[in-house]
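Please look over the model below alongside its sequence.

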Amino acid sequence: MPATRLEQAEQRLAQTEAVRSMVAKLHALLEGRMTRAEVKAWTREVWPPGSGQGSPFTSPDATCVFDSIWNLEERWCDHELVREVDLRAYLRWLGEGEAFRADDDALVVLERDLEDLAAQTGTEAIRWWLDGIGWCATVRFCAPVRGRPFVARGQLERPKGLGICTLRGDDLHDAIVDLFEALAIDDEDCWFIHPQVKLARLPVWALWREDDNCNRFEVARFRSYAKAREQERMFTARGHKQVYWVDPV
């Protein structure tokens, strides 16, 4: 039998109070007013062992946060699995919601380490638990020129297979150009590219070399100006009496 309007209102109120309680616990943990063991014990109070799969929350964000703090005392290598940066991200998710709606399918998949990508983009990797998958991590960054946002996702135990997604409904060709330029990569660096991306539509840049006898040779082609310039600087730094430059094809 469907819930009555009053029952629905009571359920919404109960959910609101439960989420606010979890937010208060996270603040208390970050401020030193609660320990990790105490927060872990609280999760067992609101969802006792034997309750089965799921969580006490209906919101996907709240469920994700709750699942992530379920084992707050767990460690990864020589440090805490859930770090302070992760806890602060959880508070943002619960307090601000998720404004970034990523495409379900990856724009590209890279063989990159998540922490290296975070360092390159000046961001931080956030760890969280995804039911049925395990511990995941994400890096949120943008292309500096246009501010186009991206999210890179990977599994903590397999950090070198990163799926990078753009905004849902975004123009994939514009997005991949911005991504390639932001990371100084091109299609040769990708394990996978979204099947709707037509590489022939992307700009191509040639790296040229002129030797001591004024002979000119095309060294390589790239679908990223930033990557082509990186290669130009690398060859120039070798110190040979040759000139390198980049031109559009």
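The sections below treat these topics in turn.

## Basis of the description

This is a predicted model, in which local features need pLDDT of at least 70 and side-chain atom pairs count only at pLDDT 80 or more, while totals for chains, interfaces and linings use all residues. Residues are numbered from 1 along each chain as its sequence is written, and side-chain values use heavy atoms, with hydrogens and water left out.

## Helix α4

Helices (H or I, at least four residues) and strands (E, at least two) are DSSP runs, numbered from the N terminus. Helix α4 covers residues 84-96, and at 1.5 Å a residue its 13 residues should span 18 Å, which agrees with the 18 Å between its end C-alpha atoms; the expected span is 1.5 Å times one less than the number of residues.

Buried residues have under 20% relative accessible area, exposed ones over 50%, and partly exposed ones lie in between (1.4 Å probe, protein chains only). In α4 the buried residues are Val-85, Asp-86, Leu-87, Ala-89, Tyr-90, Leu-91, Trp-93 and Leu-94. They pack against α1 (5-30), α2 (36-46), α3 (60-69), β4 (126-130) and β5 (134-143), where contact means heavy atoms within 4.5 Å. Just after the helix, Gly-97 takes a positive phi of about 80 degrees.

A pocket is defined on a 1 Å grid over the protein atoms alone, as an open set of points where a 1.4 Å probe fits, with protein on both sides within 12 Å along at least five of seven lines, and its lining residues have an atom within 4 Å of a point. Grid points are joined across faces, edges and corners, and a volume is the space filled by probe spheres set on the points.

The largest pocket holds about 910 Å³ of space. Its lining has 30 residues, of which Asp-61, Trp-93, Glu-98, Thr-138 and Arg-140 lie nearest the centre. The elements that give two or more residues to this lining are α3, α4, β4, β5 and β6 (148-155). By class, the lining divides into 13 nonpolar, 4 polar and 13 charged residues, with Ala, Val, Leu, Ile, Met, Phe, Trp, Tyr, Cys and Pro counted as nonpolar, Asp, Glu, Lys and Arg as charged, and the others, Gly among them, as polar. The second largest pocket holds about 280 Å³ and is lined by 13 residues, with Gly-54, Asp-67, Trp-70, Trp-129 and Asp-131 nearest its centre. Helix α3 gives the most to this lining, with 3 residues.

## The loop between α6 and β8

Asp-186 is found in the loop between α6 (172-183) and β8 (190-193), and is buried, with a relative accessible area of 2%. Its side chain reaches the backbone nitrogen of Glu-188 at 3.0 Å and that of Arg-223 at 3.2 Å; such a polar contact is a pair of N or O atoms within 3.5 Å, in which, within protein, one must be able to donate a hydrogen and the other to accept it, and residues adjacent in sequence count only if both atoms are side-chain atoms.

Ala-184 is in the loop between α6 and β8 and is buried, at 13% relative accessible area. Although not a glycine, Ala-184 has a positive phi of about 55 degrees.

Glu-74 lies in the loop between α3 and β1 (75-76) and counts as partly exposed at 33% relative accessibility. Cys-77, in the loop between β1 and β2 (79-80), counts as exposed at 68%, and its phi is near 60 degrees, a positive value in a residue other than glycine.
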